[in-house]
Amino acid sequence: MIAKRRERGSVTVFTVIMTVALLFMAGLVIDGGQILNARREAANLAESAARAGAQELDEDVARTTGATTLDKRSAVARAEAFLAASGHQGRATATGDVVTVTVSISQPLLILGIGGLADVTVTGTGSASPLRAISENAP
């Protein structure tokens, strides 16, 4: 009878520990997958916004010399407008003939957030430059 009293509640402790461990593992899988998805989304969005900005060419230079030159101010404005339309935060810059966009996405933690972990912010960067679509050597 005395041995049974000492073992009373040992299954409850084991159950609590295993439940917490399984919840932690589920959090790593689910929240980790969401974070990877947010990183991919940020990179795709940054690249798309950079391509949108790279379409803004300096028309005066193109008409007078035929050169493909980026209109930096318009390129940055177009890339940032693309980001604003998507509903995400980001920053665009134009250096030389390259538009670079950095996007930040805040990803809430669904399961690990229960344990008090804060949201994770992921970033993605993309660059693009204007290209001439028609080759001079085309027949």
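**Questions on a predicted model**

The secondary structure of this predicted model comes to four helices and three strands. Along the sequence the pattern is α-α-α-α-β-β-β.

Colleague: What makes Gln107 a buried residue?

Modeller: Gln107 has a relative accessible area of 14%, and buried means under 20%. Gln107 is therefore buried. The residue lies in strand β2 and touches Gln34, Ile35, Ala38, Asp119 and Val120, if residues up to four places away in sequence are not counted.

Colleague: How much of the protein is buried?

Modeller: Buried residues make up 22% of the 139 residues. The accessible surface comes to about 9700 Å², and 58% of it belongs to carbon and sulfur atoms.

Colleague: Why are β1 and β3 called edge strands?

Modeller: The three strands form an open sheet in the order β1-β2-β3, with antiparallel pairing. β1 (89-95) and β3 (120-128) each have a single partner strand, so one side of each is left without a neighbour in the sheet. Neighbouring strands are turned by 15° against each other on average, direction ignored.

Colleague: How do you know that β2 and β3 are paired?

Modeller: Two strands pair if there are at least two bridges between them. Nine bridges join β2 (residues 98-107) to β3, so the two strands are paired. Within this antiparallel pair, Val101 stands opposite Gly126 in β3.

Colleague: What packs on the sheet?

Modeller: Helix α4 (residues 72-86) does, touching β1 and β2. The direction of α4 makes about 160° with that of β1.

Colleague: What makes Glu56 and Arg78 a salt bridge?

Modeller: The closest N and O atoms of Glu56 and Arg78 are 2.9 Å apart, and the cut-off is 4 Å. The pair is therefore a salt bridge. Glu56 lies in the loop between α2 and α3 and Arg78 in helix α4, so the pair ties together parts that are 22 residues apart in sequence.

Colleague: How many salt bridges does the structure hold?

Modeller: It holds two. Glu59 forms a salt bridge with Arg63, where the closest N and O atoms are 3.4 Å apart. Glu59 and Arg63 both lie in helix α3, four residues apart, about one turn of the helix.

Colleague: Is Arg63 buried or exposed?

Modeller: Arg63 has a relative accessible area of 65%. Exposed means over 50%, so Arg63 is exposed.

Colleague: What is Asp58 in contact with?

Modeller: Leaving aside neighbours within four places in sequence, Asp58 is in contact with Thr69, Leu70 and Asp71. Asp58 is found in the loop between α2 and α3 (59-65). The C-alpha atoms of Asp58 and Thr68, ten residues apart along the chain, are separated by 7.6 Å. With a relative accessible area of 23%, Asp58 is partly exposed.

Colleague: Which residues form the nonpolar patch on the surface?

Modeller: Phe24, Met25 and Leu28 form the patch, with about 300 Å² of accessible area together. Met25 is found in helix α2 (residues 10-53).

Technical notes. Residues are numbered from 1 along each chain as its sequence is written. This is a predicted model: local features need pLDDT of at least 70, side-chain atom pairs count only at pLDDT 80 or more; totals for chains, interfaces and linings use all residues. Side-chain values use heavy atoms; hydrogens and water are left out. Patches are made of residues with over 30% relative accessible area and no salt bridge: like charges are joined within 9 Å, nonpolar side chains (Val, Leu, Ile, Met, Phe, Trp, Tyr) within 5 Å. Accessible areas come from the Shrake-Rupley method with a 1.4 Å probe; for residues, only the protein chains shown count as cover. A salt bridge is a side-chain nitrogen of Lys or Arg within 4 Å of a carboxyl oxygen of Asp or Glu. Axes are lines fitted to C-alpha atoms, for helices over the stretch in contact, and angles run from 0 to 180 degrees between N-to-C directions. Contact means heavy atoms within 4.5 Å. Buried means under 20% relative accessible area, exposed over 50%, partly exposed in between (1.4 Å probe, protein chains only).
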